[in-house]
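Thanks for taking a look at this one with me. Have the sequence and the model side by side as you read.

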Amino acid sequence: MVPQGDTRPRRPPGRAVDRRAAEFRTRQQGLVGLKEVYNLEPKEFRPLASQATVEALKNGQVKAANIFSTDPSIAANGFVVLEDPELLFGSDNVVPLVRDDVAGSVQAPLDAVSAKLDTTALADMVKQVVVDKKDASVVAKEWLTGAGLI
């Protein structure tokens, strides 16, 4: 995996220290897949919980971390998002879940939001709420207005 638009030579496999959740060691969408798909094996793997992973990346204790694409720490810290041209890592899509008895009344508005909401917009809204400490309802209303939905 390489940073978007980055064509510099990559560090040889086996040099990076990797910190991610413990299950990353044995998952196909983890160290197993990185070895099979990208021939990448970090010299060391130390599992950490989410915020500790962000802190380790931010402080330069690790060179790579596995965090959600909507995590506000990406924008807040200027982290570089890596491309996955071999599609090893699947996407985690936001999907609405509703009860059957209300599905008909909310389907049209939810479809309208789903048609316009993308990862970039969602990540920006999460950042505004978590990092910038804005009120979630205000952030949502601003997005809905800007998207022409209200």
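The points below cover a helix pair and some salt bridges.

1. A word on the basis first. This is a predicted model, in which local features need pLDDT of at least 70 and side-chain atom pairs count only at pLDDT 80 or more, while totals for chains, interfaces and linings use all residues. Residues are numbered from 1 along each chain as its sequence is written, and side-chain values use heavy atoms, with hydrogens and water left out.

2. Let's start with two helices, α5 (residues 119–130) and α6 (residues 136–146), which pack at an angle of about 150° with their axes 9 Å apart. Helices here are DSSP runs of H or I, at least four residues long, numbered from the N terminus. The axes are lines fitted to C-alpha atoms over the stretch in contact, and angles run from 0 to 180 degrees between N-to-C directions. The pair is therefore roughly antiparallel, a term used for angles over 145 degrees.

3. How does α5 pass α6, in a left-handed or a right-handed crossing? The crossing is right-handed, that is, the near helix is turned clockwise from the far one by less than a right angle. On the α5 side the contact (heavy atoms within 4.5 Å) is made by Ala 121, Met 125, Gln 128 and Val 129. Ala 136, Val 139, Glu 142 and Trp 143 make the contact from α6. By class, this contact has 6 nonpolar, 1 polar and 1 charged residues. Ala, Val, Leu, Ile, Met, Phe, Trp, Tyr, Cys and Pro count as nonpolar, Asp, Glu, Lys and Arg as charged, and the others, Gly among them, as polar.

4. Now for the charged pairs: the structure holds 4 salt bridges, each a side-chain nitrogen of Lys or Arg within 4 Å of a carboxyl oxygen of Asp or Glu. One of them joins Lys 35 to Glu 41, with the closest N and O atoms 3.4 Å apart. Lys 35 is partly exposed at 36% relative accessible area, and Glu 41 is partly exposed at 43%. Partly exposed lies between buried (under 20%) and exposed (over 50%), using a 1.4 Å probe and protein chains only.

5. Another salt bridge links Glu 55 with Lys 58, at 3.5 Å between the closest N and O atoms. These two residues are 3 apart in helix α2 (residues 50–58), so about one helical turn separates them. Glu 55 is partly exposed at 28%, as is Lys 58 at 42%.

6. Finally, Asp 101 and Arg 99 form a salt bridge whose closest N and O atoms are 2.9 Å apart. Asp 101 is exposed, at 59% relative accessible area, and Arg 99 also counts as exposed, at 55%.

Conventions:
Angles under 35 degrees count as roughly parallel, over 145 as roughly antiparallel, 65 to 115 as roughly perpendicular and the rest as oblique.
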